Amino acid sequence: MPVEDLKKQQFRLLKTLVYRLYSFSPFYHDRMKAAGVHPDDINTLEDVRKLPFMYKRDLRDNYPDHIFTATQDELVRYHVSSGTTGKPTVVGYTRKDLDNWTTALARSLTACGLGRGDVIQVAYGYGLFTGGLGMHYGAERIGATVVPASVGNTERQIELMQDLHVTAIACTPSYLIHLGETAAKMGVSIKDDTSLRVGVLGAEPWSEEMRRRIQDELGIRAYDIYGTSELSGPMFTECSEQNGIHIWGDLALIEIVDPETGRVLGPNERGELTITILQKEAFPMIRYRTGDITVMYDGVCACGRTHPRIGRISGRVDDMLIIRGINVFPSQVEHTLMGIPEVGQHFQIVVDRKGSLDTMLVRVELSPEAFSDKISDIMSIRQKVGAILRSSLNISPGVELVEPGTLPRYEGKAKIVIDRRKI
Amino acid sequence: MPCYGIPQYTMFWNKDMETISSTDLEELQLRRLRRTVRHAQENVPFYTNRLKEAGVSADDIRTLDDLVKIPFTRKTDLQAGYPFGFFAVPMKQVVRIHTTSGTTGKPTVVGYTRQDLENWSELIARNMTMIGLTEDDIFQNAVNYGLFTGGLGFHYGAEKVGMTVIPSATGNTKRQIEMIDDFGVTALHCTPSYALHLAETAEEMGASLETLRIGIFGAEPWSANMRHELESKLGLKAFDSYGMSEMYGPGAAFECPEREGLHFWHDSYLIEIIDPATGERLPDGERGELVVTPLVKEAMPLLRYRTGDITMIIKDDCPCGRGRRIARLSGRSDDMLVIRGINVFPSQIEHVLLSRPEVGDQFMVYIDRVNHLDEMTIEVELNRDYFSGELQDLATVQKRVSGALRDILNLRTTVTLVEPGSLPRFSGKAKRVIDRRGEVF
């Protein structure tokens with residue numbers, strides 16, 4: 001579609017969205033009122049800038065479903081992702097929302113050269129995490145054979161890949177490297193002994209260097225994928241040019257803003273990705289600050305697709321960590337530890353990459369009352385802390401208990417996270 | 001179609017098909033059976049040969065009773081066809097692959113065309129509508145997603161009905177309970193033993209679970225006592241679900257609100273009850289092994305598949321107006337175990353142990369129920385060559401063996417190493433499995 005027509009369509013969709021939310025969503029109505037903007041003020045695509053931003057904390061404050069603009073009988077799905085403290089973030093979907101999400105991914109997977117006849121192993125987690133089911137629906141839409149392998153059991157994943165003649169895999173880039181290494185130990189070369197030719201990799205940041213390594217060692221083409229559950233889930237990928245992720249303009253309107261001032265930046269200027277989902281029924285998103293740092297590219301892609309492109313995600317504006325594809329907020333760790341009387345309020349998070357997999361260690365001080373020289377006491381506290389953290393973070397961090405008063409104290413901004421990973 | 005006599009409360013997803021007259025049903029079954037036999041004979045080399053050997057061809061199926069001319073298909077046949085030996089359509093038409101536990105190291109592979117997924121979802125939609133679920137319901141699907149058919153099967157069916165699906169999958173019991181209360185969940189699907197675990201944890205947390213009204217429990221056998229316990233503890237009505245990956249997955253048969261047996265969907269499956277020892281067909285009302293011939297499967301047709309499940313066809317008609325029912329399962333004709341909803345064959349365990357040089361090939365399996373959850377302990381003899389006297393060695397061997405078992409069984413087990421020669425040797429039929437769970441069926 002020519003760029004001009006796409007922009008016209010985006011404007012029409014934006015105008016409709018703003019009118020609809022002003023009329024039917026108490027949350028957005030109040031937001032727009034407070035910002036002194038009325039739907040009639042939106043007369044060009046650039047007028048989107050008049051609308052107020054939306055933040056992750058707005059989702060938390062409206063837990064579980066106060067932002068929803070669909071009735072119970074229209075909702076067909078909930079997904080749940082990690083919140084910043086305590087309660088998770090809940091996203092609701094109507095049938096149309098699922099359809100748009102699936103359409104976005106179907107286009108993306110097609111842009112990666114996949115289609116009918118391909119066998120796609122979906123090795124993202126299924127369930128509340130959007131990666132598994134999202135990719136599953138997208139792959140089914142393009143007519144590929146879907147192997148819903150989900151996560152874990154790496155040797156079985158490799159056997160399935162060989163035995164079922166898998167041609168493409170969707171997983172995190174670090175897991176694919178781990179898979180390649182495990183295969184080598186089993187005496188299997190992904191390059192020579194399997195039919196794998198494409199990897200659709202995301203849910204954590206990775207680099208061009210990792211891409212080169214994966215492509216060379218495994219003999220495949222590796223494509224970057226982007227999305228977060230607030231937008232629906234994974235939605236956008238690179239095309240065969242591997243030069244930026246195409247953001248489908250009829251579904252999403254993107255801006256790059258200065259994270260400090262909120263000023264909209266120009267092409268090739270690095271800033272925070274802000275997204276307005278133009279067609280979303282249950283859980284509308286206007287100018288959502290994703291927290292992800294990237295740039296928007298200028299000009300039309302060599303593949304012919306006119307939809308805007310963004311570069312790789314190069315970091316976060318906040319302190320969110322991504323451990324094995326799962327988002328973890330230090331505030332969530334803090335909130336969880338505060339609820340356990342046996343430990344104090346001082347803690348440290350150490351993130352490392354062992355082999356190709358992320359590890360997370362939480363070091364926390366025992367409270368003076370719980371401090372004991374009996375090993376069995378300490379063991380049972382450690383187990384308890386580990387179990388509670390696992391249940392609130394959805395990952396299993398290591399736990400190290402230290403004596404009261406041994407962790408560093410900070411006067412200014414606390415340096416709670418030590419990230420030793422090199423990506 | 002006359003609908004008097006059918007209670008007012010009954011809802012139907014596909015009323016014409018669910019209350020089809022027996023004459024029309026038999027005509028439909030025969031047409032579909034002939035098509036299925038032809039499809040298998042022409043497109044699956046295994047069946048081409050098998051039918052030829054038996055001297056029977058699709059043209060010989062003139063009545064439903066002619067089905068007995070066709071030889072049985074067993075799980076071991078599927079195993080021998082690994083991975084794609086039973087696929088009857090080109091891979092381009094296969095849109096989904098699931099796997100289920102095999103009898104040895106490799107899993108059993110099942111494939112689906114787009115139409116298969118559609119048929120499967122339709123059956124689940126019928127089941128859910130039958131027990132009073134509608135698009136207003138909020139459904140928490142607390143079973144394993146992924147390769148296991150229970151998760152995605154119910155997910156697609158519930159979505160078809162238009163319910164709000166929470167794909168909570170397994171694990172994180174506290175979060176599961178929070179979601180039930182926070183989202184006002186009205187219907188829950190999980191294994192019956194996990195449901196009891198959930199009820200106890202909820203009580204400890206002081207969560208009310210007051211919005212729950214319907215529970216769908218399957219993947220493992222459960223008793224009438226357990227139904228009573230589940231209903232009083234969770235404040236819901238509990239329904240039994242039956243199926244297996246070889247017949248798409250769960251949903252092949254399901255209890256209606258009468259809860260006196262499970263309705264099989266006879267337009268999609270032809271069922272027989274046989275004497276597992278002789279293979280003779282048994283009359284209605286007699287218990288035996290369930291044999292199923294799916295009638296609408298495209299990607300992977302099966303003829304007279306021996307399920308290994310023991311049940312009977314109930315003689316009386318159900319007041320709800322749907323077709324003939326089977327009784328709730330009352331055992332297995334083979335040694336398959338169901339541990340936390342996962343099927344385990346002792347032969348798989350043997351296969352794993354044989355591949356580990358650190359241990360011998362004699363073993364014992366103990367199954368217990370701890371806090372409503374199944375625990376499996378495997379005793380195996382250590383091979384002295386791998387023991388230097390260091391305790392560290394024992395831990396390493398134990399970890400390796402339990403890791404290998406987990407990879408094949410998809411199940412966490414406890415491995416106990418014992419002295420060489422200390423486990424019982426069996427001269428006749430080995431009794432390697434001691435199930436201490438008490439009344440299950």
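Of the 423 residues that make up chain A, 47% count as buried. The model is a predicted one. Chain A holds 11 helices and 20 strands. Its C-alpha atoms, taken along the principal axes, fill a box of roughly 70 × 60 × 45 Å. The radius of gyration of chain A is 23 Å, and this agrees with a compact globule, because such a globule of 423 residues would have a value near 22 Å. Among the contacts in chain A with a separation of 6 or more, 67% come from residues 24 or more positions apart.

A:Val80 lies in strand S1 of chain A, which covers residues 75-81. A:Val80 has 25 other C-beta atoms within 10 Å and is therefore buried, the cut-off being 20 or more. Leaving aside neighbours within four places in sequence, A:Val80 is in contact with A:Pro88, A:Thr89, A:Val90 and A:Leu128. A:Val18 is 62 residues away from A:Val80 along the chain, and the C-alpha atoms of the two are separated by 26 Å.

Chain A also touches chain B. The contact takes 29 residues from chain A and 28 residues from chain B. On the side of chain B that touches chain A, at least two residues come from each of strand S1 (94-100), helix H6 (149-161), strand S4 (164-166) and helix H7 (173-183) of chain B. The table gives the classes of the residues on this side of chain B.

| Class, chain B side touching chain A | Number |
|---|---|
| Nonpolar | 13 residues |
| Polar | 6 residues |

Terms used:
Residues numbered from 1 in each chain as written. Chains lettered and ligands numbered in written order. Predicted model: local features only at pLDDT ≥ 70, side-chain atom pairs only at ≥ 80, totals over all residues. Helix = DSSP H or I, 4+ residues; strand = E, 2+ residues; numbered from the N terminus. Rg over C-alpha atoms; globule rule 2.2 N^0.38 Å. Buried ≥ 20, exposed ≤ 12 C-beta atoms within 10 Å, placed from the backbone. Contact = placed C-beta atoms within 7 Å. Nonpolar A, V, L, I, M, F, W, Y, C, P; charged D, E, K, R; others polar.
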